[in-house]
Amino acid sequence: MKQFDYAIIGQGITGSILATKLVDKGYRIVVFDDFNLSSPSKITSGLINPVTGRKFVKSWKSEELYSIAQSTYESISRLTGHIYFRPTEIHRIMMDKQQEDLWLERTSQPGYDEFLSKELMDTPDYFISKHQIGITRKAARVDITQFLNDSANLLQKADLLVNQKLTQEHIDFSKKQILSTYQFDQLVDCSGAGSFLFNELNRNDYVRPNVGERLLVKFDNYKYDSIVKANHFVIPWSEDLFWVGAHNDWHQTTPTPSDKGLNRLTNFIEKWIDSPYELIDHKAGIRLTTKDRRPLVGTHPQHSFVHFINGLGTKGVSLAPYCVDQLLRFLLEGVALDPEIDIARIY
Ligand SMILES: Cc1cc2nc3c(=O)[nH]c(=O)nc-3n(C[C@H](O)[C@H](O)[C@H](O)COP(=O)(O)OP(=O)(O)OC[C@H]3O[C@@H](n4cnc5c(N)ncnc54)[C@H](O)[C@@H]3O)c2cc1C
């Protein structure tokens, strides 16, 4: 029997950050992940956007989440030698004159001047729209693909990553054992939409799946090197590829790329960008979102040694570092969880 302080289910953004932090603190851990599952972490654009929505409103705890995310990803960079966290700007193309006026009004409100450019600029010829562009500052892009690869490599080298889809039958709660081989003290479930432990707690549909789809495309003439947001994002990706997305669907229940998603995103490209393009890749992932748009962190009501971080919705890149921080302070130092994210609110 192999003994561990912590068993973690899921090696997405959340499980990877948690695993790295626990190893750094000297705990014995093991991580289980089904490598064949498609997950949002594998296709995310990795953006941290402090001002969101059509009305340009600052997102929840934006300054605090940004700062914890920066220090978390930078501390992992020091272990691996790869830079993940890059501060950036987001260029927002206005939809109409009304949005242009709203942007200018927002910039004069307290707390917004450091995030939004005071002036709008003309839209370059790459775009069909002639409405102006406002610049969101203090955003960031995190290279999640590299981060997940590095995290998997580190865990694999230490023989701490098990490629296995876990089900209820694999866990013996009375003996605290997984697959009759791995003995754990604490179990943390970071398996997102794949969580079987979480599903039984999801009373009154507090949590809903939302499928996000994205494309990777090559443009003939489009060379704009900033991140652009109109209805969707267009993000310079690797070499000559651009990430385009995300299309959101509340009705789909499987992470299958759909014709509807493809049509929406290709129509978007053709409406906004003045260039022929070639479709290279189309993928989908399920994000779990909560009724109150806050994540779910804390302990199982019946099993005091089972804990969750889930429900990160469309903001896992900035929420995961915060939620891991909260859970570790709760488990290791006895500090109460932020009540807004405490899973106790759903049962
Ligand atoms: C198209 C798209 C774009 C996005 N863009 C952004 C963005 O720009 N910024 C942002 O902040 N967020 C974005 N998101 C959301 C973000 O990706 C998610 O919030 C985040 O990835 C959630 O991470 P997680 O680790 O909690 O869960 P997941 O990514 O769901 O990871 C769960 C892991 O658990 C594993 N797993 C699941 N079930 C089992 C099981 N039974 N046994 C073993 N392993 C299991 C899976 O293989 C996976 O590796 C985007 C999402 C999508 C779909």
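Where is the place of A246? A246 sits in strand β15.

First, some ground rules. This is a predicted model, in which local features need pLDDT of at least 70, side-chain atom pairs count only at pLDDT 80 or more, and totals for chains, interfaces and linings use all residues. Residues are numbered from 1 along each chain as its sequence is written.

Start with the whole protein. Its secondary structure comes to eight helices and 18 strands. Helices here are DSSP runs of H or I with at least four residues, strands are runs of E with at least two, and both are numbered from the N terminus. Along its principal axes, the C-alpha trace spans about 65 × 45 × 45 Å.

How much of the protein do buried residues make up? They are 42% of the 347 residues. A residue is buried if 20 or more other C-beta atoms lie within 10 Å of its own, exposed if 12 or fewer, and partly exposed in between, with C-beta atoms placed from the backbone. Now look at contacts, which are pairs of residues whose C-beta atoms, placed from the backbone, lie within 7 Å. Among contacts between residues at least 6 apart in sequence, 71% join residues at least 24 apart.

Next come the domains. The protein is divided into domain 1 (2–44 + 145–205 + 291–346), domain 2 (66–140) and domain 3 (208–289). These bounds come from an automatic or database domain assignment. The centres of domain 1 and domain 2, taken over C-alpha atoms, are 31 Å apart. Their contact takes 10 residues from domain 1 and eight residues from domain 2. On the domain 1 side, α1, α5 and α8 each supply at least two residues. Helix α8 gives the most to that side, with five residues. By class, the domain 1 side that touches domain 2 has five nonpolar, three polar and two charged residues. Here Ala, Val, Leu, Ile, Met, Phe, Trp, Tyr, Cys and Pro count as nonpolar, Asp, Glu, Lys and Arg as charged, and the others, Gly among them, as polar.

Turn to the ligand. It is surrounded by 41 residues, and the closest are G10, G12, G192, G194 and G316. The elements that give two or more residues to this shell are α1, β2 (29–33), α2 (40–43), β12 (207–219), β15 (241–249), β16 (277–290) and α8 (316–333). Helix α8 gives the most to the shell, with four residues. By class, the shell has 15 nonpolar, 20 polar and six charged residues. Domain 1 and domain 3 each provide at least three residues of the shell.

Of its 12 residues, 10 are buried, so α1 is largely enclosed by the rest of the structure. Among those buried are I13, I17 and L22. After α1 comes G26, whose phi is positive, near 90°.

Two residues other than glycine also have positive phi. D159 has a phi of about 60°, and lies in the loop between α5 (144–157) and β8 (161–163). D159 is exposed, with 9 other C-beta atoms within 10 Å. K176 has a phi near 55°, and lies in the loop between β9 (171–172) and β10 (177–178). K176 counts as partly exposed, with 18 C-beta neighbours inside 10 Å.

Finish at F308, in strand β18 (residues 306–310). Is F308 buried or exposed? F308 counts as buried, because 25 C-beta neighbours lie inside 10 Å. Not counting residues up to four places away in sequence, F308 touches D189, F198, L296, V297, G298 and I343.

Methods:
Contact = placed C-beta atoms within 7 Å. Near = placed C-beta within 6 Å.
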